[in-house]
Amino acid sequence: MSPRLRKFLGMIAILAFLAAYSVTVVLVGDMVPKHWAAQALYYGVFGTAWGVPLFPLIRWMNREG
């Protein structure tokens with residue numbers, strides 16, 4: 001597979017993942033207690049954790065050959 005096609009497919013996968021991830025986080029976030037500390041902790045953790053599942057995909061996209 002050419003690097004150009006791999007990056008294009010990776011970009012589509014990243015956009016699809018982020019759309020699904022953000023919808024899921026918001027829907028589950030409605031179940032978090034309405035206390036400011038609970039919501040700050042929830043959105044703080046899940047607002048930064050979105051990148052971890054994408055590491056293997058980004059590594060695959062930037063692979064040589």
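**Close-up views of helices α1 and α2**

**View 1. The crossing of α1 and α2 is right-handed.** A crossing is called right-handed if the near helix is turned clockwise from the far one by less than a right angle, and left-handed if anticlockwise. The model is predicted: local features need pLDDT of at least 70, side-chain atom pairs count only at pLDDT 80 or more, and totals for chains, interfaces and linings use all residues. Residues are numbered from 1 along each chain as its sequence is written, and side-chain values use heavy atoms, with hydrogens and water left out. Helices are DSSP runs (H or I, at least four residues), numbered from the N terminus. Helix α1 covers residues 3-29 and helix α2 residues 36-48; the two pack at an angle of about 165°, and their axes are 11 Å apart. Helix α1 is therefore roughly antiparallel to α2, a term for angles over 145 degrees. Axes are lines fitted to C-alpha atoms over the stretch in contact, and angles run from 0 to 180 degrees between N-to-C directions.

**View 2. Residues of α1 meet residues of α2.** On the α1 side the contact involves Tyr-21, Thr-24, Val-25, Val-26, Val-28 and Gly-29, and on the α2 side Tyr-42, Tyr-43 and Phe-46. Contact means heavy atoms within 4.5 Å. By class, seven of the residues in this contact are nonpolar, two are polar and none is charged. In this scheme Ala, Val, Leu, Ile, Met, Phe, Trp, Tyr, Cys and Pro count as nonpolar, Asp, Glu, Lys and Arg as charged, and the others, Gly among them, as polar.

**View 3. Gly-29 is found in helix α1.** Gly-29 is buried, at a relative accessible area of 2%; buried means under 20%, exposed over 50%, and partly exposed in between (1.4 Å probe, protein chains only). Apart from its neighbours within four places in sequence, Gly-29 is in contact with Tyr-42 and Tyr-43. From Gly-29 to Phe-46 the C-alpha distance is 9.7 Å, across 17 residues in sequence.

**View 4. Ring pairs join Tyr-42, Tyr-43 and Phe-46 in a cluster.** Rings of Phe, Tyr and Trp (its six-membered ring) pair if their centres lie within 6.5 Å; planes under 30 degrees apart count as stacked, over 60 as edge-to-face and the rest as tilted. The count by this rule is three aromatic pairs. One of them, Tyr-42 with Tyr-43, is edge-to-face, at 4.9 Å centre to centre and 80° between the planes. Tyr-42 is buried, with 12% relative accessible area, whereas Tyr-43 is partly exposed at 35%.

**View 5. Tyr-42 lies in helix α2.** Not counting residues up to four places away in sequence, Tyr-42 touches Thr-24, Val-25, Val-28, Gly-29 and Val-32. The C-alpha atoms of Tyr-42 and Val-32 are separated by 7.7 Å, although these residues are 10 apart along the chain.

**View 6. Ala-38 is in helix α2, and Leu-27 is in helix α1.** Ala-38 is partly exposed, with a relative accessible area of 26%. Beyond neighbours within four places in sequence, Ala-38 is in contact with Val-32 and Pro-33. Leu-27 counts as exposed at 54% relative accessibility. Leu-27 is 30 residues from Leu-57 in sequence and 25 Å from it in space, C-alpha to C-alpha.

Notes: Angles under 35 degrees count as roughly parallel, over 145 as roughly antiparallel, 65 to 115 as roughly perpendicular and the rest as oblique.
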